[in-house]
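Reader: Could we go through this structure together? I would like to begin with the place where the chains touch.

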Protein chains: 2
Amino acid sequence: MTLYNEYDRLLVAVDCIIFGFHGDQLKLLLIKRDFEPEKGKWSLMGGFAKKSESLDDAASRILMSLTGLQEVFLEQLYCFNQVDRDPVERTISVTYYSLINIEDHDEELSKQHDASWFDLGEMPDLIFDHNEIVDRAHQRLKYKAEHYPVGFELLPPKFTMPELQSLYEAIFETEMDKRNFIKRIDSLGILVKLNEKKRTTGKKGAFLYQFDEDKYKQQMKTGNKFQIKP
Amino acid sequence: MTLYNEYDRLLVAVDCIIFGFHGDQLKLLLIKRDFEPEKGKWSLMGGFAKKSESLDDAASRILMSLTGLQEVFLEQLYCFNQVDRDPVERTISVTYYSLINIEDHDEELSKQHDASWFDLGEMPDLIFDHNEIVDRAHQRLKYKAEHYPVGFELLPPKFTMPELQSLYEAIFETEMDKRNFIKRIDSLGILVKLNEKKRTTGKKGAFLYQFDEDKYKQQMKTGNKFQIKP
DNA sequence: TTGTAAAGTGTCATAATCACACAAGTATAG
DNA sequence: CTATACTTGTGTGATTATGACACTTTACAA
């Protein structure tokens with residue numbers, strides 16, 4: 001076809017912001033680049049879009065190649081489009097953020113990419129506009145976690161209330177009152193309390209809970225709104 | 001430079017969702033295509049990204065070319081990226097939505113493009129995935145209007161309370177109680193009440209108000225949150 | 001002057017939010 | 001075996017926000 005001949009074609013990068021949570025800290029998985037430009041600097045994991053592949057699929061592929069994970073939370077964030085953002089050639093970056101259970105990812109793969117986890121509060125300088133991208137991803141995560149049950153994506157399937165609370169505190173960068181927090185979570189009616197305790201923290205041990213997708217859908221159908229306010 | 005030689009370059013479309021408001025109705029400005037493919041069908045106004053121009057600038061240019069307007073609310077919405085969304089060639093579309101005062105746009109220009117306004121509830125079938133794009137834009141507008149004072153972009157500088165209310169009702173697709181609505185708006189402390197009345201509707205006439213950007217910033221600084229709930 | 005159409009105004013009951021402190025359970029150390 | 005240390009788990013009441021609700025005012029037109 002020649003219909004669109006007169007127009008420019010652009011390089012389209014797909015970059016992934018990969019969130020994890022461990023030890024009260026919200027974390028990001030970054031790679032140390034072993035290729036030009038900016039070889040040796042830290043950056044988001046990325047790749048280039050292919051003609052025969054959707055960007056959603058490209059993001060999945062890139063995430064898979066670094067973490068070994070598929071079928072995890074992955075959502076488009078924003079298209080960064082400044083003309084000079086990549087010094088080599090005009091490139092736009094369509095970014096995707098992902099929420100993973102940090103225990104699930106393939107450490108072998110991430111070693112191969114010289115990847116490592118950084119606390120969100122202690123990010124190194126990243127290449128190009130990647131620091132700006134991370135900021136926007138964090139903003140989006142705050143919004144998303146407030147209005148949708150995506151926090152559980154960052155936890156193991158079984159988790160304790162104190163863990164859940166400290167996750168939300170990390171996301172929102174606030175402290176919360178534990179009684180009010182539990183009251184709100186309980187009122188959502190979307191968790192199942194198990195008869196097991198996790199004993200690693202403290203001496204008393206804390207009961208484990210599971211998120212129940214069906215209960216969540218049921219609650220939303222009956223007009224209940226998911227919301228966790230900072 | 002040859003660093004990125006092995007990668008594909010893609011066509012990048014920039015499409016604009018242009019919202020207006022008139023007579024209690026939220027409206028969209030669409031064009032009847034006079035070019036292939038899908039000549040004669042309705043579509044969003046769009047164009048292609050250029051190598052030497054940011055997408056933000058491209059969106060501005062496209063909006064300007066249809067409406068004559070510059071410096072109006074314009075924000076990136078989403079990058080639509082299905083492989084087969086354009087039958088001619090693989091094209092991704094980075095979309096931008098705009099909120100304009102419908103009285104301000106250049107009718108001459110829109111005539112030249114065979115453009116016309118449609119009520120959001122009575123949209124024709126659009127080309128490609130443009131109906132899906134419109135849905136997403138409306139969702140975003142709902143969110144944005146709830147949390148930021150963007151509604152005023154859709155009104156003339158001076159407007160009445162009933163006009164403002166019917167704007168929000170159109171955006172949220174709900175009805176609101178006018179006493180509670182006015183109470184909430186008043187409590188935001190961001191409007192200036194003028195000593196003029198608009199007499200076109202009804203016989204009594206309604207007082208005119210203006211949005212005050214400075215007051216808004218002041219309110220936000222003092223911890224007041226903008227919010228208009230559906 | 002009277003009718004009409006839309007604008008403008010206040011109260012109260014209910015629900016949501018927020019601040020706040022002590023007891024319970026258990027592993028470990030003495 | 002007893003005491004200690006550490007973290008979990010639980011309830012109430014005051015304050016604030018929300019939502020339902022109906023009549024009066026204004027000014028134009030007949």
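Reader: Which side chain of chain B does Arg9(A) meet in a salt bridge?
Author: In this predicted model, the partner of Arg9(A) is Glu89(B), with a distance of 2.5 Å from N to O. Side chains of opposite charge can pair when their charged atoms come close.

Reader: How many salt bridges does the rule find across the interface of chain A and chain B?
Author: The rule finds two salt bridges there. Polar contacts also cross the interface of chain A and chain B: 21 residue pairs, both residues at pLDDT 80 or more.

Reader: Which elements of chain A give two or more residues to the side that touches chain B?
Author: These elements are β1 (9-22), α1 (55-67), β5 (73-80) and β6 (91-99) of chain A. By residue type, the side of chain A that touches chain B divides into 20 nonpolar, six polar and ten charged residues.

Reader: And how much area do chain A and chain B bury between them?
Author: They bury about 3500 Å², and 60% of that is on carbon and sulfur atoms. Of the area that chain A buries against chain B, 20% comes from Tyr4(A), Arg9(A) and Lys51(A), more than from any other three residues. In terms of contacts, 36 residues of chain A touch 36 residues of chain B.

Reader: Why do the copies meet through the same surface?
Author: They do so because 100% of the interface residues of chain A are interface residues in chain B as well.

Reader: Let us change topic. How many salt bridges does the structure hold over all chains?
Author: The structure holds 22 salt bridges over all chains. One of the pairs joins the side chains of Arg140(B) and Glu75(B), at 3.3 Å from N to O. Arg140(B) belongs to helix α3 (residues 130-147) of chain B and Glu75(B) to strand β5 (residues 73-80) of chain B, so this pair ties together parts that are 65 residues apart in sequence.

Reader: Now the backbone, please. Is the peptide bond from Glu36(A) to Pro37(A) cis or trans?
Author: The bond from Glu36(A) to Pro37(A) is cis, and its omega is near -10 degrees. Pro37(A) sits in the loop between β2 (25-32) and β3 (42-43) of chain A.

Reader: What about the peptide bond from Glu36(B) to Pro37(B)?
Author: That bond is cis, with omega near -5 degrees. Pro37(B) is placed in the loop between β2 (25-32) and β3 (42-43) of chain B.

Reader: Going back to chain A, is the phi of Glu38(A) positive or negative?
Author: The phi of Glu38(A) is positive, about 65 degrees, although Glu38(A) is not a glycine. Glu38(A) also lies in the loop between β2 and β3 of chain A.

Reader: Which residue caps the N-terminal end of helix α6 of chain A?
Author: Asp212(A) caps this end of α6 (residues 213-221), with a side-chain oxygen 2.9 Å from the backbone nitrogen of Asp214(A). After α6(A) comes Gly223(A), which has a positive phi near 90 degrees.

Reader: And which residue caps the N-terminal end of helix α6 of chain B?
Author: There the cap is Asp212(B), which places a side-chain oxygen 2.9 Å from the backbone nitrogen of Asp214(B).

Reader: One last item: in which helix of chain A is Ser187(A) found?
Author: Ser187(A) is found in helix α5 (residues 178-188) of chain A. A polar atom of the Ser187(A) side chain lies 2.7 Å from the backbone oxygen of Arg184(A).

Methods:
Residues numbered from 1 in each chain as written. Chains lettered and ligands numbered in written order. Predicted model: local features only at pLDDT ≥ 70, side-chain atom pairs only at ≥ 80, totals over all residues. Heavy atoms only, no water. Contact = heavy atoms within 4.5 Å. Buried area = accessible area lost by both parts, 1.4 Å probe. Salt bridge = Lys/Arg side-chain N within 4 Å of Asp/Glu carboxyl O. Polar contact = N/O pair within 3.5 Å; in protein donor to acceptor, adjacent residues only side chain to side chain. Helix = DSSP H or I, 4+ residues; strand = E, 2+ residues; numbered from the N terminus. Nonpolar A, V, L, I, M, F, W, Y, C, P; charged D, E, K, R; others polar.
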